[in-house]
Amino acid sequence: MLKVADVAQRLNCSVAKIYQLIESKRLPHYRCPTIRVSEDQLAEYLASCSVAVGVSRSPPKSPRMKLKHIRL
């Protein structure tokens, strides 16, 4: 079982960010009486954040504007 500080160190982020993830229910955890995260819960969170290979995350292309005053 990992402490919040340990999880923050593993994810290379702040302790405050881990508390935000816990509060928003994105990071599963236990309260016994302090907050603890198991290795399996951390792996589950990381799997939920992964992006499939080959999937483009670029925004959709907008239609081109016609500029009548410019000739190409």
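The buried residues of helix 3 pack against helix 1, helix 2, strand 1 and strand 2, where buried denotes under 20% relative accessible area, exposed over 50% and partly exposed the range in between (1.4 Å probe, protein chains only), and where contact requires heavy atoms within 4.5 Å. The model is a predicted one, in which local features need pLDDT of at least 70 and side-chain atom pairs count only at pLDDT 80 or more, whereas totals for chains, interfaces and linings use all residues. Residues are numbered from 1 along each chain as its sequence is written, and side-chain values use heavy atoms, with hydrogens and water left out.

The protein contains 3 helices and 2 strands, which follow one another from the N terminus in the order α-α-β-β-α; helices (H or I, at least four residues) and strands (E, at least two) are DSSP runs, numbered from the N terminus. Of its 72 residues, 19% count as buried. Among contacts with a separation of 6 or more, 36% are accounted for by residues 24 or more positions apart.

The largest nonpolar core has 12 residues, namely Leu2, Val4, Val7, Ala8, Ile18, Leu21, Ile22, Leu27, Ile35, Val37, Leu42 and Tyr45; a nonpolar core is here a set of buried Ala, Val, Leu, Ile, Met, Phe, Trp, Tyr and Cys residues joined through side-chain atoms within 4.5 Å. The elements that contribute two or more residues to this core are helix 1 (4–11), helix 2 (15–23) and helix 3. In soluble globular proteins, nonpolar side chains tend to be buried together.

In helix 1, the buried residues are Val4, Val7 and Ala8. Seen down the axis of helix 1, these buried residues fall within an arc of 100 degrees, so that they line one face of the helix; the arc is that of the directions from the helix axis to the C-beta atoms. The buried residues of helix 1 pack against helix 2, strand 2 (35–36) and helix 3. In helix 3, Gln41, Leu42 and Tyr45 are buried. They cover an arc of only 100 degrees around the axis, which puts them on the same side of helix 3, whereas Asp40 and Glu44, on the other side of helix 3, are exposed.

Gln41, which belongs to helix 3 (residues 39–49), is buried with a relative accessible area of 8%. Apart from residues up to four places away in sequence, Gln41 touches Leu27, Pro28, His29, Tyr30 and Arg36. A polar atom of the Gln41 side chain lies 2.9 Å from the backbone nitrogen of Ser38, a polar contact being a pair of N or O atoms within 3.5 Å, of which, within protein, one must be able to donate a hydrogen and the other to accept it, and for which residues adjacent in sequence count only if both atoms are side-chain atoms. Ser38 is found in the loop between strand 2 and helix 3 and counts as buried at 13% relative accessibility. Leaving aside neighbours within four places in sequence, Ser38 is in contact with Met1 and Tyr30.

The count of salt bridges comes to 1, a salt bridge being a side-chain nitrogen of Lys or Arg within 4 Å of a carboxyl oxygen of Asp or Glu. This salt bridge joins the side chains of Arg10 and Glu39 (2.8 Å, N to O). Arg10 lies in helix 1 and Glu39 in helix 3, so the pair ties together parts that are 29 residues apart in sequence. Arg10 is partly exposed, with a relative accessible area of 48%, and Glu39 is likewise partly exposed, with a relative accessible area of 43%.

Most residues other than glycine have a negative phi. Asn12, although not a glycine, has a positive phi of about 55 degrees; Asn12 is found in the loop between helix 1 and helix 2 and counts as exposed at 71% relative accessibility. Lys25, also not a glycine, has a positive phi of about 65 degrees. Lys25 lies in the loop between helix 2 and strand 1 (30–31), where, at 73% relative accessibility, Lys25 counts as exposed.
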